[in-house]
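Have a go at each one before you read its solution.

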Amino acid sequence: MPADPQRSVTDTPHRGAGTSAVEVRRSPRRRRTVSAYREGDRTIVLIPARMSEAEERRWVGVMLDKLAAQESRGVLGDRELTDRALRLSEQYFGGRARPGSVRWVTNQNTRWGSCTPSEGSIRLSHRLQGMPEYVVDYVLLHELAHLLVPGHGPGFWRLLEAYPRTERARGYLEGVVAAGRLPHLPGARED
């Protein structure tokens, strides 16, 4: 237990953007709002003191995702995307998936990514740009897995089980697709 009950530091499984720990600061003056920011190698999350531990955990996850999305808006170039794919392959597939090229494309409007195993090429839809890092990482890992296993059989999905945020990323992408199908109300103001 921390010396100060208004602060807690947690190692976090959300290890994006170089962040290794989350410090939660509770404030009795804060009533409803939650905010977060990066401070060195730490993420500071500010919450109302009255929040339960379950609410705290939920809000920490929400705020880490928001920060990751903001940070990933600084769009990666193809070179950085290739480097990221190689790091992910090393981390989750023991370096066995070795893409020849990884690049953003603007002609994929119904897919998030594609892979041509015979060429070792991976293409990611530009629509992923600005999405949270864990979503982009999932799509990269999905396409890297196709370099090792063609199709979407049980062996393919076993490979992706190594990535702890697979289900969350799939849910995020499903939500984006579903939101795209929602009717636009006439007269609704677009920002």
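**Exercise 1.** Is R168 buried, exposed or partly exposed?

*Solution.* Start with the ground rules: this is a predicted model, where local features need pLDDT of at least 70, side-chain atom pairs count only at pLDDT 80 or more, and totals for chains, interfaces and linings use all residues. Residues are numbered from 1 along each chain as its sequence is written, and side-chain values use heavy atoms, leaving out hydrogens and water. Next, the cut-offs: buried is under 20% relative accessible area, exposed is over 50%, and partly exposed lies in between (1.4 Å probe, protein chains only). R168 has a relative accessible area of 36%, so it's partly exposed.

**Exercise 2.** Find which side chain R168 meets in a salt bridge.

*Solution.* A salt bridge puts a side-chain nitrogen of Lys or Arg within 4 Å of a carboxyl oxygen of Asp or Glu. For R168 the partner is D65, at 2.4 Å, N to O. That pair links distant parts of the chain, 103 residues apart.

**Exercise 3.** Work out why D65 and R165 both count as buried.

*Solution.* Take D65 to begin with: its relative accessibility is 12%, so it counts as buried. Then R165: it sits at 15%, so it's buried too. These two side chains also meet in a salt bridge (2.9 Å, N to O).

**Exercise 4.** Which residues are linked with R25 in a network of salt bridges?

*Solution.* The network joins R25 with E23 and R42. Within it, R25 and E23 meet at 2.8 Å, N to O, and both are buried. Overall, the structure holds 7 salt bridges.

Notes:
Helices (H or I, at least four residues) and strands (E, at least two) are DSSP runs, numbered from the N terminus.
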